[in-house]
Amino acid sequence: MMLFGKISQQLCGFKKLPWSCDCRNFWGWLNAVFNKVDHERIKDVGPDRAASEWLLRCGAMVRYHGQEKWQKDYNHLPTGPLDKYKIQAIDATDSCIMRIGFDHLETSSICC
């Protein structure tokens, strides 16, 4: 991760990137990659787990039914039966979630 940070700092330091795009386009592309829906992953781990992974990867927080604590760290996602942890609330403040990722929520247990 440290290497990626150094590379991104160097890229953003250029007035004009070598391949003629600006830094905003680079971060937009990276955010789009994080938001891409993986339908196979949804089938493998279930809709709530897949949605949780997507949200946490993009910097949002998730709270599950019956729990007071917000889940903030992707690396500490709870384990156990796939249907045990149902999403109750999402805090997407300052996250990079994009509309293209909303299909993650289509089959999850989150209610509108």
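R49 is partly exposed, at 25% relative accessibility. Partly exposed lies between buried (under 20% relative accessible area) and exposed (over 50%), using a 1.4 Å probe and protein chains only. This is a predicted model: local features need pLDDT of at least 70, side-chain atom pairs need 80 or more, and totals for chains, interfaces and linings use all residues. Residues are numbered from 1 along each chain as its sequence is written, and side-chain values use heavy atoms, without hydrogens and water.

R49 forms a salt bridge with E53. That term means a side-chain nitrogen of Lys or Arg within 4 Å of a carboxyl oxygen of Asp or Glu. Both residues sit in helix α4, four residues apart, about one turn of the helix. Helices (H or I, at least four residues) and strands (E, at least two) are DSSP runs, numbered from the N terminus. Shared partners join R41, R49 and E53 into one network of salt bridges.

The count is four salt bridges. The table lists some, including these:

| Pair | Closest N to O distance |
|---|---|
| E53 and R41 | 2.6 Å |
| E53 and R49 | 2.9 Å |

K86 lies in the loop between β1 and β2 and D48 in helix α4, so their pair ties together parts 38 residues apart in sequence. K86 is partly exposed, at 31%. D48 is buried, at 3%. E53 is also buried, at 3% relative accessibility.

Helix α4 (residues 47-57) is mostly covered: eight of its 11 residues are buried. Among them are W54, L55 and L56. G59 follows α4, with a positive phi near 90°.
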